[in-house]
Amino acid sequence: LNFSTRGAGKNSAGHTKQNIDIEASRLKLNDIINFLEIPIRASGLLEGGVSAVIDNEGLDQPSGEATLELANLSLEETDLNLQGMPPSLPKISLGQTQIEAKLDKGQVQIQKLVFGKGGQDLSGMITGHMGLTTVKQGQGVGFVPGAYEFFIKLQVGESLKQKAGIYLGVLQNYLVAQNTYSIKLSGANFYAVPSMTKGPN
C-alpha cells in the first residue's frame with residue numbers, strides 16, 4: 001500500500017487543501033475488513049488506486065476518483081438474525097469485481113461496479129449515485145452520507161439458487177428474466193428503511 005499527500009490549491013478561506021493518492025497492490029481483503037472492524041467476512045485480493053483532493057477545514061467539498069479491482073472475491077458464510085429465515089447465508093463466490101467511481105460537489109457517482117460472470121454463484125452490475133459531504137468535527141473532518149439511488153442487476157447461478165432459494169423468495173417482485181433480478185434502491189439517507197422498486201429490464 002503506497003500513500004502520498006501534497007498541497008493542492010487553496011480553499012475558500014485561502015488555506016491549502018491536500019491531494020491524497022493511495023495505490024494498493026494485492027492487499028488481502030480480510031485483513032482490511034479486520035482492521036476497519038467491518039461486520040462481514042470476505043476474502044479476495046484488492047488492487048487499484050484512489051486520488052482525492054480534501055479540504056482539512058471542511059469548507060470546500062472533496063473531489064476525487066477511484067479505480068479498484070478485486071480478484072477471487074468471495075463472501076464467506078454469514079450468520080443472520082432474521083425471523084423465520086435460516087440462521088446463515090451460504091458462501092457466495094463473486095470472482096472478479098471492478099469498481100470505478102467519482103466524487104465531485106458532494107456526490108459519489110458509481111460509474112461501474114461489475115462482479116462475477118456467467119456460471120458463477122452470483123454476477124451483476126450496480127450503477128447510481130449517493131450524497132457524501134464533509135463537515136468539520138473538532139480538529140478533523142467527517143464524512144456525512146446523504147440521499148442515494150442505486151440500480152442493481154443480479155444474475156443468480158443454479159448452485160446458489162439451490163442453496164439460498166428461501167432468501168431469493170423475497171426478490172420475486174423484482175424478477176425480470178430467468179434467475180435475473182432488477183432493483184432500484186433509493187432513500188434519503190442510510191438511517192431510514194430504503195425504498196425498493198422494480199428496476200429496468
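Biologist: Leaving aside its neighbours within four places in sequence, which residues is F115 in contact with?
Modeller: Keep in mind this is a predicted model. Here F115 is in contact with L94, Q96, T97, L122, S123, G124, M125, I126 and L154, once neighbours within four places in sequence are set aside.

Biologist: OK, and the largest nonpolar core, how many residues does that have?
Modeller: That core has 31 residues. F115 is among those with the most contacts inside it, along with L122 and F150.

Biologist: Which strand gives the most to this core?
Modeller: That would be β10, residues 140–156, which gives five residues. As background, nonpolar side chains tend to be buried together in soluble globular proteins.

Biologist: Switching topic. In what sense do β2 and β3 pair, and over how many bridges?
Modeller: They run antiparallel, with nine bridges between them. β2 covers residues 16–28 and β3 covers residues 42–54.

Biologist: What stands opposite N19 in β3?
Modeller: V53 does.

Biologist: And how many bridges are there between β3 and β4?
Modeller: There are 11, and that pairing is antiparallel too. β4 is the stretch of residues 63–75. To give you one spot to look at, E47 stands opposite E69 in β4.

Biologist: Now S186. Where is its place, and is S186 buried or exposed?
Modeller: S186 lies in strand β12, residues 180–187. S186 counts as buried because its relative accessibility is 18%, and the cut-off for buried is under 20%.

Biologist: What is S186 in contact with, leaving aside neighbours within four places in sequence?
Modeller: The contacts are Y148, E149, P194 and S195.

Biologist: Which loop has N179, and what's its phi?
Modeller: N179 is in the loop between β11, residues 175–177, and β12. Its phi is positive, about 60°, although N179 is not a glycine.

Biologist: Is N179 buried or exposed?
Modeller: N179 is buried, because its relative accessible area is 12%.

Biologist: What about K105, what's phi there?
Modeller: Phi of K105 is near 55°, again a positive value in a residue other than glycine. K105 sits in the loop between β7 (92–104) and β8 (107–115).

Biologist: And K105, buried or exposed?
Modeller: Exposed: K105 has a relative accessible area of 72%, and the cut-off for exposed is over 50%. So K105 is exposed, whereas N179 is buried.

Key
Residues numbered from 1 in each chain as written. Predicted model: local features only at pLDDT ≥ 70, side-chain atom pairs only at ≥ 80, totals over all residues. Heavy atoms only, no water. Pairing = 2+ DSSP bridges. Helix = DSSP H or I, 4+ residues; strand = E, 2+ residues; numbered from the N terminus. Buried < 20%, exposed > 50% of the residue type's maximum accessible area, 1.4 Å probe, protein only. Contact = heavy atoms within 4.5 Å. Core = buried A, V, L, I, M, F, W, Y, C linked by side-chain atoms within 4.5 Å.
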